[in-house]
Amino acid sequence: PKTKKGPRTFCVPEKQERSTSILLPLDIFSFGKNKIYIQKNLSISTHRPRERKQIMSSNADKFLEVAAGELPEGALLEHREFDNPLVKRYATKEMSYLWSPAMKFSTWRKLWIALATAEQELGIDISDTQLEEMRAKLYDIDFEYAAKKESEFRHDVMGHVHAFGAAAPSAMPIIHLGATSCYVGDNTDLVQPRKNLNSVTMSWDTSMTS
């Protein structure tokens with residue numbers, strides 16, 4: 001039905017698609033019918049068409065669990081600090097990590113896993129095995145290999161696509177499938193400030209109440 005609003009009209013959907021919402025602090029991945037997008041709130045939705053409900057229930061939920069997890073102890077130790085002369089003097093350990101290569105490029109990988117999971121939902125030929133290997137190798141980042149490939153291709157995103165593909169060989173053909181560099185670059189540029197602002201807000205609240 002159409003609803004009037006001033007001189008313009010817009011359509012109100014009679015029935016919305018069913019979805020499952022999971023509240024995960026600071027995570028921003030959403031599965032929509034035809035897109036993955038950054039949400040303004042903290043609710044993470046996985047939309048599941050009936051014909052693929054069982055498969056997506058498994059892969060979407062597994063991805064959301066991985067995306068919400070912390071960096072494993074001992075992983076990427078040499079890449080957990082943002083490289084800037086002012087960091088050691090002024091930055092907290094948490095703030096340094098939130099701008100670090102480990103944070104940046106693990107977020108790229110989370111976005112690639114989210115993309116592949118949604119593409120499987122839409123019917124693209126992506127196997128559960130490929131998704132499982134991508135999730136398992138989320139934090140297995142070879143920065144030296146990525147730098148080598150970046151020099152070869154003269155492209156930072158392609159450098160890390162190939163580094164992820166080397167860690168998860170079965171998934172190489174579908175990593176970054178159909179995406180542009182802005183997909184990982186711009187979305188990560190939204191994720192990092194958001195997490196930092198949340199950290200500052202929580203610190204401010206703690207200071208005001210103490």
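Colleague: What percentage of the 210 residues of the protein count as buried?
Modeller: The model is predicted: local features need pLDDT of at least 70 and side-chain atom pairs count only at pLDDT 80 or more, while totals for chains, interfaces and linings use all residues. Numbering starts from 1 along each chain as its sequence is written, and side-chain values use heavy atoms, with hydrogens and water left out. A residue is termed buried under 20% relative accessible area, exposed over 50% and partly exposed in between, for a 1.4 Å probe and protein chains only. Of the 210 residues of the protein, the buried share is 38%.

Colleague: In what order do the elements of the protein run from the N terminus on?
Modeller: Helices (H or I, at least four residues) and strands (E, at least two) are DSSP runs, numbered from the N terminus. The protein has 8 helices and 4 strands. Their order from the N terminus is β-β-β-β-α-α-α-α-α-α-α-α.

Colleague: Among contacts between residues at least 6 apart in sequence, what percentage join residues at least 24 apart?
Modeller: A contact requires heavy atoms within 4.5 Å. Among contacts in the protein between residues at least 6 apart in sequence, the share joining residues at least 24 apart is 64%.

Colleague: How many degrees lie between the planes of Phe 105 and Trp 108?
Modeller: Rings of Phe, Tyr and Trp (its six-membered ring) pair if their centres lie within 6.5 Å; planes under 30 degrees apart count as stacked, over 60 as edge-to-face and the rest as tilted. The structure holds 4 aromatic pairs. Phe 105 and Trp 108 form one of them, edge-to-face, with 4.8 Å centre to centre and an angle between the planes of 85 degrees.

Colleague: Which helix holds both Phe 105 and Trp 108?
Modeller: Phe 105 is buried at 13% relative accessibility, and Trp 108 is buried with a relative accessible area of 3%. The two residues are 3 apart, about one turn of the helix, and both lie in residues 101-121, helix α4.

Colleague: Which residues do ring pairs link into a cluster?
Modeller: Phe 105 belongs to the pairs with Trp 108 and with Phe 143. The cluster linked by ring pairs consists of Phe 105, Trp 108, Trp 112, Phe 143 and Phe 164.

Colleague: At roughly what angle do the axes of α4 and helix α7 cross?
Modeller: Axes are lines fitted to C-alpha atoms, for helices over the stretch in contact, and angles run from 0 to 180 degrees between N-to-C directions. The axes of α4 and helix α7 (residues 156-167) come within 11 Å and cross at roughly 70 degrees.

Colleague: Which residues of Glu 119's surroundings are in contact with Glu 119, leaving aside neighbours within four places in sequence?
Modeller: Glu 119 is found in helix α4 and counts as buried at 10% relative accessibility. The C-alpha atoms of Glu 119 and Ile 174, 55 residues apart along the chain, are separated by 9.5 Å. Beyond four places in sequence, the contacts of Glu 119 are Ile 124, Ile 126 and Leu 177.
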